Every structure is written in C-alpha cells, then in structure tokens.
Amino acid sequence: MRLDGKRALVTGGARRIGAAIVESLTRAGARVAIHCNRSLDEAKELQHRCPGSIVIEADLADRDARHAIVPESARALGGLDILVNNASVWEASPLPEIEPSHWDRALELNLTAPFFLAQQAGDIMKRDGSGVIVNLTDWGIRRPYTNQLAYFAAKGGLEAATMGLARALSPEVRVLAVAPGAVLVENEQEAAEANLVQRIGSAENIADTVLFAVSNDFVTGTTLTVDGGRSLA
C-alpha cells in the first residue's frame, strides 16, 4: 500500500509511541487523525508538525464518545484507510490486590475499545474495498509480569482478536499486531541487559514496524514482535 493521500486514525497518538507513529505515517504521505484524551495540548502541538492532520479528543472508557471516533475521523478526512489501535492503560497491581474495577478497566481500554474501533473501521474499509488495521499488543503476553495480569490478559485477548478480525475482514482488509518490547522504560540498563541486542528500543523502532505493517500488502493475521530478542533471552 502506497501511503500518499491515505487517511489514518491513531489512538493515543499525542505522546510517546503514538506520536512517533503519527509522524512516521505523515512523512510517508498519509493524513492522520490524532486521537487523544488527556493530552490535548500535546496533540495540538503534534498537529502543527504534521500537515493535514486533525485532532480527535475522546475518552475511550466512555462508550458513547468512543463510538463517535471512527465516523468523526472518516468524515473529517474524507474516508479511512488505516487504523492503529495504540492507546492502552498500564496499571500495576499484584494478584491479591486486583479488584473487579481494575480488571474491568484493563479489559475495557486494552481489549474492548480497540476491538469495537476495529469493527467500525473494518466496516468502512471493507465497504470501500481496502484498508489495514494494526493493533499494538505486548511482547510479554507469553511471559506476563505477575503484577500486570489484568493488562496482559487484555493484550493477549487483543492478539487473539487480531487473528479473528483478519479472517473476518479478509480479503479487503488486513489486520495484524505489533508487539513492542522494552521501549521508553525507567530502568534502561536493566532492560537493555535483558535483550539480546543489549539495548532498549525506541518509539521510532515501533513506528517503523507499524509503517512496514501498513505498507506491506502481503502481511496479515500475524504479530510482529519488536523486542530486541527479549522473548529468547
């Protein structure tokens, strides 16, 4: 897929990995809807650096507000070719302290929200004849941290949903996942020593992989893990 003139929506696109993805897609020629919740100032600053972009503000935990994100983006951009489900919530809690509210929030934001955004976007893309959806998951799905069980359960569910969506939306729409490893972490030395490449990744490493996923029209239904070999260490 050539990205010149393509229309993209990136959730959680104002900061960190999301912002790197927005900038990468913009450089490739796409017009991007930058979704944000509490980072409106950062989103507007990013918008100035990304020609043709727009800002969509909504709380993904608010189902009514969430339901408007895809159609609003499609109306503003004149269509939708790409959805990147990047937004997520990471809240640590040891197993004995996990409350139903914590569990529900993790699943709502990390699984339910991206699934239904993909459902909406997939309907538009399938009707228009083409499109691609990229879900950001996590390398740790197969080696989950014990103080992040709700988060990893949700991300594992998103990876399973990715495969199911790829089948359901084919052949017009491709769906795949990108699983980041240690990126933008606090203890960089410890994280680097745990990787085969002996360094941490960058937001740009993840954005480059998303750009590959979007551009390569023979990749679907799989997960691209970008973890510096951490899965094997």
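**A walk through the sheet and its surroundings**

Strand 5 (residues 131-136) and strand 6 (residues 173-180) run parallel and are joined by six bridges. Strands here are DSSP runs of E with at least two residues, helices are runs of H or I with at least four, and both are numbered from the N terminus; two strands pair if DSSP finds at least two bridges between them. This is a predicted model, in which local features need pLDDT of at least 70 and side-chain atom pairs count only at pLDDT 80 or more, while totals for chains, interfaces and linings use all residues. Residues are numbered from 1 along each chain as its sequence is written, and side-chain values use heavy atoms, leaving out hydrogens and water.

- Seven strands make up an open sheet with parallel pairing, in the order 3-2-1-4-5-6-7.
- Strand 3 (54-57) and strand 7 (223-226) are the edge strands, each pairing on one side only.
- From one strand to the next, the twist averages 20° (axes are lines fitted to C-alpha atoms, for helices over the stretch in contact, and angles run from 0 to 180 degrees between N-to-C directions).

**Strand 5 and its partners**
- Strand 4 (residues 82-85) also runs parallel to strand 5, with four bridges joining them.
- Asn135 is the bridge partner of Asn85, and Asn135 also has Ala177 in strand 6 as a bridge partner.
- Six of the six residues of strand 5 are buried (under 20% relative accessible area; exposed is over 50%, partly exposed in between, with a 1.4 Å probe and protein chains only).
- Both faces are covered, with Gly131, Ile133 and Asn135 on one side and Val132, Val134 and Leu136 on the other.

**Helices on the sheet**
- Helix 5 (residues 149-169) packs on the sheet and touches strand 5, strand 6 and strand 7 (contact means heavy atoms within 4.5 Å).
- The direction of helix 5 makes about 160° with that of strand 6.
- Helix 3 (residues 63-77) lies across strand 1 (7-10), strand 2 (31-36) and strand 3, at about 150° to strand 2.

**Arg66**
- Arg66 sits in helix 3 and counts as buried because its relative accessible area is 6%.
- Leaving aside residues up to four places away in sequence, Arg66 touches Asp59, Leu60, Glu108, Thr112, Ala113, Leu117 and Gln120.

**Leu232**
- Leu232 lies in the segment after strand 7.
- Leu232 counts as exposed because its relative accessibility is 71%.
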